[in-house]
Amino acid sequence: MNLQSSHIAFAAGTAVYLAIRAAFQRRASSEEKTLSRADMRDRLLIVLVGACQIGLPVVLILTPWLDAANYTMPIALTWAGTLAMGCALWLFWRSHADLGTSWSVTLELNRNHRLVTQGVYRRIRHPMYASFFAMGLGQALMLNNWIAGWAALVAVSLLYAIRKPHEERMLLESFGDEYRTYMRCTGGIVPHFVLRATSNS
Ligand code: SAH
């Protein structure tokens, strides 16, 4: 068994992540769905992300199977990872709180679906996916293992690249100009003003 303190901190962060999801899942599951784009590819992506966020870290912590891929890192980077994980959990919680019953694990719309453009959705359209990226960075810096550490960032990048265009097409078809205007004023996972500032510098 491989129980470093950063592994314990990561396991605690994952427990908080699962508790937030479980609390909001209960609320959202009572909503009647009127449109679903939940195809096999979308479901496989969800399973892949879960396996990389939770499955591989469990294998790393409870077995010696991935130990050959371990490396050491300056402690400051492990602390930076813990900070990234903390920020990610806050953003994940706020995304769920702001989306409310408009959230679903696959690509779906419910009968009373409303377009959320406030709270953490004010400047970016995908704060929940942004929180997954930050969580993935935290995982990479906290687990010190090439496989269990970095796999989640790869899986989340795939989810974002493949799912985002489908999700935005579904919302464009349903909300039309309201979503088109929202897209013009927001970035995907980075606000427009940050992108503009970096491209001008
Ligand atoms: N991409 C968003 C939400 C992920 S959850 C994020 O990263 O924060 C996926 C579900 O959220 C989709 O099925 C879609 O119906 C819903 N959704 C995404 N953006 C939304 C918005 N701005 N308002 C309401 N629902 C939204």
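This is a predicted model: local features need pLDDT of at least 70, side-chain atom pairs count only at pLDDT 80 or more; totals for chains, interfaces and linings use all residues.
Local features require pLDDT of at least 70 and side-chain atom pairs pLDDT 80 or more, whereas totals for chains, interfaces and linings use all residues. Residues are numbered from 1 along each chain as its sequence is written, and side-chain values use heavy atoms, with hydrogens and water left out.

Rolling a probe the size of a water molecule over the atoms shows where empty space is left. The search used a 1 Å grid over the protein atoms alone. A pocket is an open set of points with protein on both sides within 12 Å along at least five of seven lines. A cavity is a set of points where a 1.4 Å probe fits but cannot get out. Lining residues have an atom within 4 Å of a point. Grid points are joined across faces, edges and corners, and a volume is the space filled by probe spheres set on the points.

The largest pocket has a volume of about 570 Å³. Its lining comprises 35 residues. Trp-103, Ser-104, Met-128, Tyr-129 and Arg-163 lie nearest the centre. Two or more lining residues come from each of H1 (5–28), H2 (40–62), S2 (108–110), H4 (127–143), H5 (146–175) and H6 (177–185). Helices (H or I, at least four residues) and strands (E, at least two) are DSSP runs, numbered from the N terminus. By class, the lining has 22 nonpolar, seven polar and six charged residues. Here Ala, Val, Leu, Ile, Met, Phe, Trp, Tyr, Cys and Pro count as nonpolar, Asp, Glu, Lys and Arg as charged, and the others, Gly among them, as polar.

The ligand takes up the largest pocket (more than half of its atoms lie within 2 Å of the grid points). Around the ligand are 21 residues, each with a heavy atom within 4 Å. Glu-108, Val-116, Tyr-121, His-126 and Glu-167 are the closest. This shell divides into 12 nonpolar, five polar and four charged residues.

Polar contacts are pairs of N or O atoms within 3.5 Å. A polar side-chain atom of His-126 lies 2.8 Å from a ligand nitrogen. A backbone N or O atom of Met-128 is 2.9 Å from a ligand oxygen. For the side chain of Ser-104, the distance from an N or O atom to a ligand oxygen is 3.2 Å.

One cavity of 30 Å³ or more was counted. The largest cavity has a volume of about 50 Å³. Phe-10, Thr-14, Tyr-17, Gln-53, Ile-54, Met-85, Met-135 and Gln-139 line this cavity. H1 gives the most, with three residues.

Notes: A polar contact is a pair of N or O atoms within 3.5 Å; within protein, one must be able to donate a hydrogen and the other to accept it, and residues adjacent in sequence count only if both atoms are side-chain atoms.
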